[in-house]
Amino acid sequence: MQYFPFVVAAWILGIGLYGIVTSRHLVHLIMCLIVVQSSTYVLLLGVGYVTGAATSRRDRSARAWPAWPRCL
Amino acid sequence: MAAVLVTAAMIFSWRYFHRVATYYHALMLIFLAGMTGFCLTGDIFDLFVWFELMGVAAYALTAYRPEERGSLQGALNFAVTNSVGAYLSLSGIGLIYGRTGALNMAQIGTYIGRHPPDGLVAVAFLLIIAGLLIKSAIVPFHFWLADAHAVAPTPVCVLLSGVMVELGLYGIARVYWSVFGLALGHRAAISHVFLALGVLTAVVGALFCFRERHVKRLLAFSTISHAGMFLVGIALLTPLGLAGTTVYVIGHGLVKAALFLCTGIVLHRLGSVNETWLHGRGRRLRATGVVFTLAALGLADLPPFATFLGKGYIDDSAWAHGLPWVMGVFIACSILAGGAVLRVAGGVFYGLGDPPSEDPEMAEMAAEETSETDSDKRRTPLTMVIPPALLVACAAVVALIPRLGQVVQAAAIRFEDQAGYNATVLTGAHIFHPVAIAATESTGITVTDVLTGTGSAIGSLVLAFLALYWRRLPLLRRGYEPGAGLTAPIQRFQSGVVNDYVTWIVLGLAVIGGMLALIMR
């Protein structure tokens, strides 16, 4: 199950790109672009879920917080 | 650099448009903000954000006249291909974040540098540079660039060609040296992959450039060719190569901006950018003609322009690393691209060469371009002539700055010193530079540099004259039309349909990914 979100993200990316390549209608094409975009959402959700889910409250306080809020 | 070009473009556009919507200036400044932020950020997610900001401003500027079909189509191609690239980059950033839990480039670099590289790091690297390769118009990701340049307002072309494409390459260099360099281990094979891409881009761009008749598209293909040369300079992975690329980018940006601004003046006065139609009609634009010709010579690497210095450094570095053929490729591409631009200069501004046969289709195509500019066409405002003249002067002066080579090379050494960068960012250590991580190479201007620069400029002139007078050559007289048999396949190749462009992107990515997989195995 650990790899499931990544497989889904790759699949959505793939069908989105396939849609862009085969599309003959501009609105349809933009829709496919949005499908490609949504694959990144799934991927980011998958990444976030894996990093945060398994830790208990105590672990989380001990662990270094993901660095991005400090570095932005 | 970006700010200089934006200022020039803004002064130019002061009198250029007949009705400037207020959003034009705002978009230009947002574009500038995106480019500056992209250079300064030390965080890989911010890199993506600035990249997108830059992209969105550029899409909107390209579609500045949305009521026209061509303009909308070009901007849409540009937007779709670059958005796909941006999403691929974002996926790569997501993967690397999932692995390291960090977004700061130094932190990521330290983390993945400690572990042997695995598939995930390679995939993330591939995805991140995919977006940047598309932005920097490397073959086979280059298709959007010519379409976008053909329809974008001329001051916007200055920025697209002079800065944005080069920033894509800067992004590749930055991501490589700040993040993935230690992990991927600076392997020669990776350098060879990029070297091959760069050479392919340089050659394809130069060939397309030479057969183009639409002046803005011609300049766009010349930009593609130069982007390939810059990638070669980066792919050498040496401080001198990177320093040469930097100088070359500065020189090329200034010269190319001047060329685009002169094209804008031609469009303003004569209402067309079609070389065949314009033949001999630009004789009255004397000042513009002189500036255009000087800039074209600068593009062909004539010494004292900065382009010659940058190319000389890359050549020297390639020579020192056993790649002497790089010099030959560079000279050939410079001759082709410079010759094409000089052909335009000679034909349009001096009426040299045989007048082309009038083609009714050409006149029709020429008439399409008129709506961008002012209706008052009797004289050229001073604000339009001075910026390109100043830019050409800058390009000549930059190369004459004493100790430029050493300073730029020291900067390049700092740029390539990943351990030093990590230490500075993460622990606040102050590193004195240059540290001898790589032997510094001589930055003197050698006789070879001057000879190759002059040689390619003279070659360009000869080629330009051949192109102008080819009908009189006995060899070619018998009804030979250059490239006549090639037109159909080339048009199929450069179809203007965004579907094909994305197909090429996917194919190109698959090929590069396959090569990387072979290397990493």
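This is a predicted model: local features need pLDDT of at least 70, side-chain atom pairs count only at pLDDT 80 or more; totals for chains, interfaces and linings use all residues.

Modeller: Start with chain A itself. It has 72 residues, and 19% of them count as buried. Its fold holds four helices and zero strands. Read along the sequence, that gives α-α-α-α. Take the chain A contacts between residues at least 6 apart in sequence: 48% of them join residues at least 24 apart.

Now the contact with the partner. On the chain A side, 22 residues are in contact with 23 residues of chain B. Three elements of chain A give two or more residues each to that side: helix H1 (4–22), helix H2 (26–53) and helix H4 (68–71). H2(A) gives the most, with eleven residues.

Chain A averages a pLDDT of 73, and 67% of its residues score at least 70. Confidence is highest in H1(A), at a mean of 87. It is lowest in H4(A), at 44. Over residues 58–72 of chain A the pLDDT is below 50. Beyond near neighbours in sequence, that stretch still has 16 contacts in the model. Keep that in view when you read H4(A), one of the elements listed on the side that touches chain B.

Then turn to chain B. Of its 521 residues, 56% count as buried. Chain B has 22 helices and zero strands. Among its contacts between residues at least 6 apart in sequence, 83% join residues at least 24 apart.

Last, the core. The largest nonpolar core has 184 residues. Six of them touch the most other members: Leu231(B), Val232(B), Ala258(B), Leu259(B), Ala295(B) and Ala296(B). By element, helix H8 (residues 154–184) of chain B gives the most to this core, with 20 residues. Leaving out residues up to four places away in sequence, Leu231(B) touches Ile138(B), Leu169(B), Phe194(B), Leu197(B), Gly198(B) and Thr201(B).

Key:
Residues are numbered from 1 along each chain as its sequence is written. Chains are lettered from A and ligands numbered from 1 in the order in which they are written. A nonpolar core is a set of buried Ala, Val, Leu, Ile, Met, Phe, Trp, Tyr and Cys residues joined through C-beta atoms within 7 Å. A residue is buried if 20 or more other C-beta atoms lie within 10 Å of its own, exposed if 12 or fewer, and partly exposed in between; C-beta atoms are placed from the backbone. Two residues are in contact if their C-beta atoms, placed from the backbone, lie within 7 Å. pLDDT is the predictor's confidence in each residue, from 0 to 100.
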